[in-house]
Amino acid sequence: MRSPGKIKGRQIAAPTISARLSSHVTLEAQADGSIAACFDGYSTGLGKFNPGLIDRAQALRTGLPFTSFASNGSVSDKEIDLLVRRLARRGLLEYRLARSGERNDQVVIEPQIPDYWPQTSKLADADVVVLSRFAYLRRRGNEMILESPRAGALFRICDPKVASALTLLATPQKISKLRRQDSFPGLELLALLMDCQILFKIEADSDGLRANEGDDNLVLWDFHDLLFHARSTEGRQANPLGGLYPCAGVMPPPPAVRPRWPGKKIDLGKFATPSETMSPVAKLLRERHSTRDFDDQHPITLAELAQFLDNTARVLSKWESPLDLGGDGPVIAYTTRPYPSGGSSYELELYLAAANCEGLGRGFYHYDADRHALVPIEVRPQDFDAMLNSAEFAMDAPGAPQILVTIAARFDRISWKYSSLAYSLILKDVGVLIQTFYMMATDMGLGGCAIGTNNIDLFARMTGIDFHIEGPVGQFAIGRGAQEQT
Ligand SMILES: Cc1cc2nc3c(=O)[nH]c(=O)nc-3n(C[C@H](O)[C@H](O)[C@H](O)COP(=O)(O)O)c2cc1C
């Protein structure tokens with residue numbers, strides 16, 4: 001940590017950063033000498049430590065300064081460091097920033113990703129910093145929080161002076177100038193914000209606007225779209241997610257069917273098609289249903305998978321069209337495929353986790369829709385299993401799907417053209433593709449099920465592609481249904 005030095009002749013104590021147990025967590029020594037973290041009726045083992053460490057570890061209740069154990073290399077320091085890291089890995093810690101000797105928190109950092117660890121990069125007086133355009137302050141309960149979809153942690157702002165410093169940071173600020181402000185929060189906080197990409201450093205003569213902040217792929221994102229992407233998926237946030245019925249105790253369930261409008265009805269029943277003359281498509285639509293239980297004795301074959309992809313997702317033809325912007329616009333390349341796509345963008349890519357497919361090795365593949373081919377991607381077995389397990393969990397299924405299709409979006413393809421509605425178009429395209437999958441699976445006598453959650457961090461780890469460049473926006477499980485075997 002760097003000292004902020006003297007300000008207007010006064011010596012201001014440098015804020016200290018401490019690790020603190022989240023309020024719902026307690027530490028307990030077990031009979032065998034190991035330490036466990038207990039929360040919400042659960043207990044998780046943290047390993048065996050020397051007797052006596054539990055007493056020192058109790059300081060984590062109010063906050064254990066990093067400086068108290070990071071530097072001196074004694075056995076006890078190493079053990080407490082290990083314990084703190086294990087707690088951090090399990091998401092059981094928050095980090096408190098406060099002026100030394102002060103009881104009140106200045107800022108509390110809540111990790112949002114499992115490997116968040118507070119880092120303070122160096123900041124010099126000549127550096128110029130500015131807030132990210134993805135950062136925002138909002139009320140959560142009775143707290144003010146600062147967050148960003150790019151950040152690995154959110155910051156609970158407890159001291160109003162910090163909020164006032166943040167206001168200044170809407171325009172580029174030289175550190176030496178910031179230091180002279182009454183609201184200067186200390187270099188430690190600025191460095192922690194930089195680590196979370198809530199603040200970023202710019203050249204002294206730059207305007208700090210959109211183009212300065214990151215790569216071209218980031219420039220293409222609108223604020224609300226990146227926020228929606230990161231907050232409506234798993235992997236980069238610690239909020240509860242999924243079918244948790246958060247309002248069940250607050251209001252009754254809304255009705256399945258909309259209450260009727262009062263006007264006189266025009267009955268359409270008399271136009272109904274008799275089932276014997278119903279079209280094949282109408283029949284398919286009625287037959288379609290979700291299948292979550294697959295017959296692993298008779299898995300889907302590679303030939304069936306190839307046919308499924310051929311009929312739903314492959315590139316059928318290519319064409320080009322110049323962009324008419326009144327001048328020399330670029331020529332834009334397009335494709336046609338079996339399903340519709342907003343603006344003919346076809347930004348969706350298919351990645352297949354093949355768990356049980358006759359003729360295809362267990363593994364992770366990209367579907368090259370242009371060449372109608374599968375290309376293997378090497379991934380860590382634990383990540384592959386984690387992807388399948390979470391699909392199994394999301395479907396409350398008795399086993400993993402035979403093939404799990406992850407639908408990923410090349411975000412640039414669509415946001416290069418569309419402002420404000422890019423992400424919503426992507427989600428609409430996903431819906432269209434999912435229905436196409438359902439229809440083809442039904443037609444082929446296979447079973448399928450859409451999955452509403454996906455982990456954008458896991459996918460980034462598996463592919464090595466940053467979450468804002470190409471990432472999952474939907475999933476679909478497919479295989480031979482346990483009921484549908486021939
Ligand atoms: C966007 C979307 C997300 C879905 N997510 C899940 C899911 O995560 N888990 C699951 O078991 N079913 C999921 N489903 C399937 C629905 O539960 C199913 O379509 C619905 O219950 C109607 O049943 P049917 O498809 O058999 O007609 C999803 C469906 C859609 C369209």
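Predicted model: local features only at pLDDT ≥ 70, side-chain atom pairs only at ≥ 80, totals over all residues.

Reader: Where is Ser-345 found?

Author: Ser-345 sits in the loop between strand 17 and strand 18. Tyr-346 lies in that loop too, between strand 17 (331-336) and strand 18 (348-354).

Reader: Is Ser-345 buried or exposed?

Author: Ser-345 counts as buried because it has 22 C-beta neighbours inside 10 Å. For Tyr-346 the count is 22 as well, so Tyr-346 is buried. The cut-off for buried is 20 or more.

Reader: Where does Tyr-245 lie, and is Tyr-245 buried or exposed?

Author: Tyr-245 is in the loop between helix 7 and helix 8 (280-287). Tyr-245 counts as exposed, because it has 9 C-beta neighbours inside 10 Å.

Reader: Let's zoom out. How many helices and strands are in the protein chain?

Author: The protein chain has 13 helices and 23 strands. Its C-alpha atoms fill a box of roughly 90 × 70 × 55 Å, taken along the principal axes. Of the 486 residues in the chain, 37% are buried. And among contacts with a separation of 6 or more, 70% come from residues 24 or more positions apart.

Reader: Which domains does the domain assignment give?

Author: Domain 1 (6-221) and domain 2 (274-479). Their centres, taken over C-alpha atoms, are separated by 39 Å. The contact takes 5 residues from domain 1 and 7 residues from domain 2.

Reader: What does UniProt list for residues 285-480?

Author: An unreviewed UniProt entry lists them as "domain: Nitroreductase". That span is 32% helix and 27% strand, with its end C-alpha atoms 19 Å apart. For residues 129-237, the unreviewed entry has "domain: Cyanobactin oxidase ThcOx second". Residues 129-237 come out at 32% helix and 22% strand, and the end C-alpha atoms lie 25 Å apart.

Reader: New topic, the ligand. Which residues surround the ligand?

Author: Among them are His-289, Ser-290, Arg-292, Met-395, Ile-434 and Cys-449. Strand 22 (residues 447-451) gives the most to this shell, with 3 residues. By class, the shell has 6 nonpolar, 4 polar and 1 charged residues.

Reader: Now a helix, please. Which residues of helix 9 are buried?

Author: In helix 9 (residues 302-312), the buried ones are Glu-304, Leu-305, Phe-308, Leu-309 and Thr-312. Looking down the helix axis, these buried residues fall within an arc of 130 degrees, so they line one face of helix 9.

Reader: Why would residues a few places apart point the same way?

Author: An α-helix has 3.6 residues a turn, so residues three or four places apart point the same way.

Reader: Nice. What do the buried residues of helix 9 pack against?

Author: They pack against strand 19 (363-368), strand 21 (403-410), helix 12 and strand 23 (470-479).

Reader: And which residues are buried in helix 7?

Author: In helix 7 (residues 223-231), Asp-225, Leu-226, His-229 and Ala-230 are buried. They fall within an arc of 125 degrees seen down the axis, so they line one face of helix 7. The buried residues of helix 7 pack against helix 12 (422-443).

Reader: Last one: where is Lys-174 found?

Author: Lys-174 is in strand 14 (residues 173-174). Lys-174 is partly exposed, because 13 other C-beta atoms lie within 10 Å. Lys-174 and Pro-160 are 14 residues apart along the chain, and 21 Å separate their C-alpha atoms.

Notes: Residues numbered from 1 in each chain as written. Domains from an automatic or database assignment. Contact = placed C-beta atoms within 7 Å. Helix = DSSP H or I, 4+ residues; strand = E, 2+ residues; numbered from the N terminus. Buried ≥ 20, exposed ≤ 12 C-beta atoms within 10 Å, placed from the backbone. Arc of directions from axis to C-beta. Near = placed C-beta within 6 Å. Nonpolar A, V, L, I, M, F, W, Y, C, P; charged D, E, K, R; others polar. UniProt positions renumbered as here; feature names shortened; annotations may be inferred.
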